[in-house]
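We'll go stop by stop, from the whole fold down to single side chains.

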Amino acid sequence: MTLKALQQAAKAWRLKGDTLVFTNGCFDILHPGHLKILLAAAQEGNKLIVGLNSDLSVKRLKGDDRPVLHEQDRAMMLAAQIFVDAVVIFEEDTPLHLITALMPDVILKGGDYQEHEIVGADVIKNHGGRLVIVPLKDGYSTTRLVEKIKNAH
């Protein structure tokens, strides 16, 4: 969805009393660790919004050999999950603009972050929202998967 369309959807969801949950990431090569985070996020409310780093953003954050999958493919993989209600691609390195535009009730991130490192946590808490940190699934990382594939050849 575009941010504008998502803002309209979020407004309608709120009018119905839904709890909006937000998580974000690169989600390059969707793996069980990603699914654990997404499932945990979906359980925190009624509507799960996923902020997806654009291809250019992923390159800036992860290096020139990433992402492996194009942003539209990554968005499609996320949107296909029955528990994901909306996917929005963002160009910036952080989702702060999305968070301030959407003002979700809950932000959820994986355990590789500490509270003070989570972008938008202060904004949401100041509006009465919650921050949830979920432990990572051991052994899963896109970087590790990419290295394993490279080493196999």
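Throughout this tour, contact means heavy atoms within 4.5 Å. Before you click, note that this is a predicted model, where local features need pLDDT of at least 70, side-chain atom pairs count only at pLDDT 80 or more, and totals for chains, interfaces and linings use all residues. Numbering starts from 1 along each chain as its sequence is written, and side-chain values use heavy atoms, with hydrogens and water left out.

**Stop 1: the whole chain.** Switch to cartoon and you'll find seven helices and five strands (DSSP runs numbered from the N terminus, helices being H or I with at least four residues and strands E with at least two). Along the sequence they go α-β-α-β-α-α-β-α-β-α-β-α. The radius of gyration is 15 Å, close to the 15 Å from the globule rule for 153 residues, so the protein is as compact as a globular protein of that length (taken over C-alpha atoms; the rule is 2.2 Å times the number of residues to the power 0.38). Buried residues account for 43% of the 153; buried means under 20% relative accessible area, exposed over 50%, and partly exposed in between, with a 1.4 Å probe and protein chains only.

**Stop 2: the sheet.** Select the strands. The five form an open, parallel sheet in the order E3-E2-E1-E4-E5, where two strands pair if DSSP finds at least two bridges between them. Strand E3 (86–90) and strand E5 (130–134) stand at the edges with a single partner strand each, so one side of each has no neighbour in the sheet. Now zoom in on E4 (residues 106–110), which runs parallel to E5 and is joined to it by five bridges.

**Stop 3: the cores.** Stay on isoleucine 107. What does isoleucine 107 contact, leaving aside neighbours within four places in sequence? Among its contacts are Phe22, Ile99, Ile118, Ile124, Leu131 and Val132. Ile107 is also one of the residues with the most contacts inside the largest nonpolar core, which has 19 residues (a core is a set of buried Ala, Val, Leu, Ile, Met, Phe, Trp, Tyr and Cys residues joined through side-chain atoms within 4.5 Å). Helix H1 (3–15), E1, E3, helix H5 (96–102) and helix H6 (121–126) each give two or more residues to this core, with the largest share, five residues, coming from H1. A second, separate core has 17 residues, including Val50, Leu52, Leu78 and Val132.

**Stop 4: arginine 74.** Go to helix H4 (residues 71–79) and pick arginine 74. Buried or exposed? Arginine 74 is buried, because its relative accessibility is 1%. Its side chain reaches the backbone oxygen of leucine 69 at 3.0 Å. Next select aspartate 28, in the loop between strand E1 (20–25) and helix H2 (32–42). A polar atom of the aspartate 28 side chain lies 3.0 Å from the backbone nitrogen of leucine 69. Arginine 74 is in contact with Asp28 and Leu69, and also with residues including Phe27 and Pro67.

Stop 5: Most residues other than glycine have a negative phi, and most peptide bonds are trans. Check phenylalanine 27, where phi is near 50°. Then look at the bond joining arginine 66 and proline 67: this peptide is cis, with omega about 0°. Finish at methionine 103, in the loop between H5 and E4, with phi near 45°.

Technical notes: A polar contact is a pair of N or O atoms within 3.5 Å; within protein, one must be able to donate a hydrogen and the other to accept it, and residues adjacent in sequence count only if both atoms are side-chain atoms.
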